[in-house]
Each structure stands twice: as C-alpha cells, then as structure tokens.
Amino acid sequence: MTRELPTLRLWLPAAGEPPTGAPSAAGARAATRLGAWRLLQIDPEFVLPARTVGISLITPVTSVNVEQLRSLGKSVSGQTHPTWRWLVIGIGLGPEDRQKLAAFGHHQPRTTVVTDPVSGGSEALWTLVRSQAASELVAFADATDCLMPHALSRVSLLFGSVPELDVLYADEFTYVGEFAYDHACVPNAPAGYLPKPAWSPLLAQRVPYLGHFVAFRRQILDLPKSHDSVGTAGLDALIRAASSSRGIGHLTEPLSARPVDSPQVIRSVRREEAPVVTGRQPQRADRTISVVVPTKDHAADLERCLRSVRSGTQGLPVEVIVVDHESTEPATARVIADFADKVIRQEGDFNFSRLVNAGVARADGQLVVLLNNDTEGLSEAWLDQLASPFASSRVGAVGALLLEVDDCIQHTGIAVGGSGLTTHPYRGAPRELDDPPGLARDIREVTAATGACLAVRRDVYLDLGGMDEEYLVHYQDVDLCLRIWDARLSVVVNPACVLRHKESSSLHQADWTTISAHSRRDRTRFRERWASLVAHDDLFLRGAGAG
C-alpha cells in the first residue's frame with residue numbers, strides 16, 4: 001500500500017483559535033487546517049536534537065504468556081529512544097501467573113513488574129499508574145503487540161515539538177511468524193497495514209478502533225472521568241482528554257505491530273450504553289424540521305419522496321417546501337398541491353445550489369433537510385434518526401445511509417482527498433457489509449455527506465451563506481460540509497437513517513453537454529478552494545473501499 005509521508009492529524013476542540021506554535025515546530029510543519037483540525041507533516045528523518053522526553057511504558061496483563069512478553073520486551077529493548085522505563089502490571093493474576101511474571105521481570109532490563117493482584121477496574125489501574133509512572137509521558141502497549149524501533153522516539157518528537165498534543169495514537173502493522181523488520185522498519189512478511197480514522201468521538205464510543213498503543217501526557221491521569229469506564233486504558237485516556245477539550249492526535253504511520261492471529265483490534269463491537277463525549281447536551285426541545293425538495297416534474301418520484309417525508313417522524317413537526325424548477329406535467333402540480341406546505345417557483349438555467357438556497361430562505365424550522373426528489377425514506381422514523389445527533393451542540397450537519405435501487409450501499413459518507421478528489425467509500429458493497437472498523441454501519445464523524453439527504457442547523461446554514469451558487473451541479477454539498485467543519489462544528493452520518501436514492505434521475509432531461517461542462521468547472525473550483533486538504537488522505541475513511 002502506497003502511503004503519504006506521516007501526518008499528525010491534530011484535533012484541538014477548545015473554543016477560540018488554538019495556539020500557532022505547533023505548525024512551525026521542529027520536525028513538524030503545517031500542511032493544512034480545517035476548523036478544529038490541524039494537519040502537520042512529519043519529517044520521518046528528523047531526530048529531536050534538544051531534550052528528550054522521558055516515557056513510562058505500561059503493559060497491563062490479565063494472563064501471562066512469556067513468549068509474547070519476550071517478543072514485546074525485545075522490541076522495547078531495541079528502541080532508539082534512550083529515556084524510557086517499562087512497567088508490566090498483572091491484573092487479577094493467579095499464583096502461577098504471578099510467579100511467571102516475576103521471573104520474567106528478573107531478566108528484563110529497565111523493567112518493573114507488579115505482581116500483586118490489581119482489582120477494582122480501570123480506576124485501580126489508573127491509581128497504580130499514577131504512583132509508578134514518574135515520566136512526563138505515559139504510553140500503553142498490549143502484551144500481544146510489538147513496537148517499531150522508532151516508536152518511542154516518534155512519540156518523544158511529537159510531544160516535544162507540538163505543545164498542543166495531549167494524547168496520541170497511530171496506525172498499525174500486522175505480521176506473521178516471529179516479529180522482525182527490515183531497514184525501512186517494515187515487519188518481515190507483513191500480513192497487513194491498518195490505517196485508522198482520525199479521532200472520531202462518536203465512533204470511539206461504539207467501536208474500539210484505536211488499537212493498543214496510545215501515548216499521552218502524564219497530567220491526563222489526573223483528569224476526571226466523565227463516565228463509567230469502558231474498553232482499554234488507552235481509550236479511557238482518550239475519552240478523558242476529549243471530555244476536557246484536550247488535543248488528540250492521530251499519526252498516519254504505524255508505531256506498533258501485532259500478530260495477525262491475535263484478537264482483532266479493530267472489530268465491530270457495539271457499546272449500546274456508551275458515554276457521550278461529543279459536547280454539551282442541551283435539554284431536548286421539539287424542533288420543526290423544514291424539508292427542502294427541489295424538483296422538475298418526475299411526479300411519481302416526487303410523490304414517493306414526499307409520502308415518505310410525511311410518514312418519516314413520530315411527532316416532530318415537519319414543514320415541506322418544494323422548489324419547483326419549471327415543471328410542466330399536470331401530475332407534478334397535483335403532487336405538489338397534495339403534499340407541499342410551501343411552493344417556490346424558480347426559472348432560468350439549472351443551478352442546484354440556487355434552488356436549495358431559495359428553499360432554505362423560506363424555511364421556518366430550526367433544522368433544514370436538503371432532500372433530492374428521487375429519494376425515499378426506508379427506515380422507521382427516519383427523519384427522527386436524522387435529527388437525533390443534533391442533541392450534541394457540536395454537530396452542524398447529519399447525513400444518512402443511502403442505498404441503490406438494488407439495496408447495495410450508495411453513500412455512507414464522502415471521503416475527500418486520498419485516491420481521488422472525492423469518493424464514496426463502500427459504494428456497491430452489500431447493505432449488510434461486515435466491515436471490520438464498523439465504518440459503514442456506525443454513527444460517526446465524516447469529512448462530508450451528500451446533499452441528496454443532508455440535515456443542517458438552519459442558523460448555521462444561513463451564517464455560512466448557504467450553498468455556494470458558483471457550483472452549478474456538483475461539489476456544493478461537500479464544500480458546505482467543509483465550511484461547517486471550518487466553523488468548528490462536525491459533520492455526522494447516522495446509518496440508522498436509511499433512504500433509497502435513484503441518483504440523478506431528476507437530471508435525465510437536462511442538456512448533458514451543458515451539465516458535463518458545468519461539472520468540469522465545479523471540479524476545478526473545488527480543487528482550487530480546497531487544494532491543501534485534498535492533497536492528503538481523508539480524515540476518517542482512510543483504507544475504506546471507494547467507489
């Protein structure tokens with residue numbers, strides 16, 4: 001797999017403009033920024049010349065496999081970073097395992113083992129780590145994993161040169177056989193490369209995609225819990241940091257490796273009672289939803305769409321606004337009369353952005369749903385599902401899971417950058433896709449979502465100036481989503497909201513020569529506006545199948 005140079009994707013959620021010292025720090029240079037995100041290019045050859053940061057490496061073990069520990073110990077001893085200490089903590093061990101762990105510690109340099117039983121959940125582990133970890137940085141590594149030889153050096157470099165970084169996790173390798181690596185620090189006979197999404201608070205609550213190797217500043221140990229602990233100690237550190245608006249970084253470079261036959265690190269394990277760490281939770285109030293549907297004839301499609309709107313909620317008030325662009329069929333007029341609360345007539349050259357903006361300008365709802373006329377809601381109370389993520393004040397827009405007419409996936413978020421300007425990961429995959437990271441099925445942050453079904457806070461939409469009317473056909477929805485991120489709000493896809501989308505059927509009467517010319521112009525405009533962002537892999541959907 002061809003990968004870009006390592007990039008630190010740094011999430012800085014605190015209100016206001018973040019400090020600007022990090023982008024010019026040694027070893028890391030500014031690549032681009034997007035709202036709370038900073039993407040810093042890492043010089044892979046750089047070695048921090050000044051002070052090195054001490055690291056306490058923590059490995060909790062619930063059963064003792066001496067061969068696994070020796071393999072990890074070999075990788076720890078081979079670190080190029082000079083200032084580290086390894087603490088191996090037995091959790092709930094029986095007498096035999098405690099004896100084996102003590103014997104292992106006698107032969108491992110610069111290592112402390114704790115064989116006394118540790119019980120009481122993650123808080124007991126945190127208390128022990130607080131008492132034992134004296135270094136400025138703390139890192140967790142699982143007994144089944146091995147570290148790349150530069151792992152701790154890279155950790156020291158990043159924390160030493162990026163003062164806003166508080167917690168760090170990284171991509172992973174998998175390997176077969178005995179752990180070894182070549183001159184390029186790639187495991188011999190690698191079985192795979194595991195790219196990970198950037199920090200996604202919603203996804204992390206439900207899918208343990210972060211892996212085992214997580215590093216953080218020691219003061220994170222003193223942050224309060226915001227929930228009953230779930231998952232690994234590394235995830236606990238990330239959730240504490242996110243709840244306290246601390247900087248979280250993801251490095252697009254593998255710093256650890258695990259045997260391919262070890263338990264799957266990135267697996268779709270749902271936590272139905274997960275903590276909410278995405279922002280202040282206001283009391284729920286009834287929200288009027290204004291659904292804006294541009295159309296030109298296609299009476300059958302429009303009727304199917306509007307019927308599903310009227311049946312798509314279990315109590316939220318819904319306002320239907322149809323923006324009619326020169327329809328001539330009598331059947332279309334009858335459908336509009338039967339279902340629309342407001343009708344806006346538009347004439348002139350086709351401009352999707354202008355049609356949508358005209359509809360939103362007349363909307364009274366706190367939320368506006370931009371909806372194509374060739375969509376149909378399938379899931380029960382799909383509008384309620386689309387509105388539910390707005391319970392978090394940090395959410396600015398929400399998209400849906402869209403299916404093709406054959407029930408294959410059409411849309412579950414849009415990737416920006418990477419192998420193309422924009423792509424639809426998982427497009428064409430079966431609806432029941434068992435993707436390892438859970439990205440196609442779990443509510444999560446995405447870089448962008450399609451405007452075929454997109455809910456947006458109305459005040460945010462208007463504050464941002466709506467869709468850019470310089471985009472005539474394409475990219476206006478992605479551009480809007482990126483501007484929402486730039487306003488320090490998030491874009492989310494909730495796959496519990498399911499629709500079918502015939503896609504572009506409403507354009508079949510258009511002049512395709514003109515449409516094609518507009519598409520090329522829109523593509524050029526989008527590339528020029530977001531050049532620094534599209535030069536990198538997508539924030540959240542790296543490694544996902546794209547169509």
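Predicted model: local features only at pLDDT ≥ 70, side-chain atom pairs only at ≥ 80, totals over all residues.
The structure holds 23 salt bridges in total.

**Stop 1: Arg217 and Glu136**

Select Arg217 and Glu136. They form a salt bridge, and their closest N and O atoms are 3.9 Å apart. Now colour by secondary structure. Arg217 sits in strand β11 (residues 214-217), while Glu136 sits in the loop between α3 (121-132) and β7 (137-140), so the contact ties together parts that are 81 residues apart in sequence. Arg217 has 7% relative accessibility and counts as buried. Glu136, at 35%, counts as partly exposed.

**Stop 2: Lys502 and Asp301**

Next, select Lys502 and Asp301. Their side chains meet in a salt bridge, 2.8 Å from N to O. This pair links distant parts of the chain, 201 residues apart. Lys502 is in the loop between β24 (490-501) and α13 (512-529), and Asp301 is in helix α7 (residues 299-310). Check the surface again. Lys502 is partly exposed, with a relative accessible area of 40%. Asp301 is buried, at 6%.

**Stop 3: Arg483 and Asp479**

Move to helix α12 (residues 476-486), which holds both Arg483 and Asp479. The two are four residues apart, about one turn of the helix. Their side chains meet in a salt bridge, N to O 2.8 Å.

Conventions. Residues numbered from 1 in each chain as written. Heavy atoms only, no water. Salt bridge = Lys/Arg side-chain N within 4 Å of Asp/Glu carboxyl O. Buried < 20%, exposed > 50% of the residue type's maximum accessible area, 1.4 Å probe, protein only.
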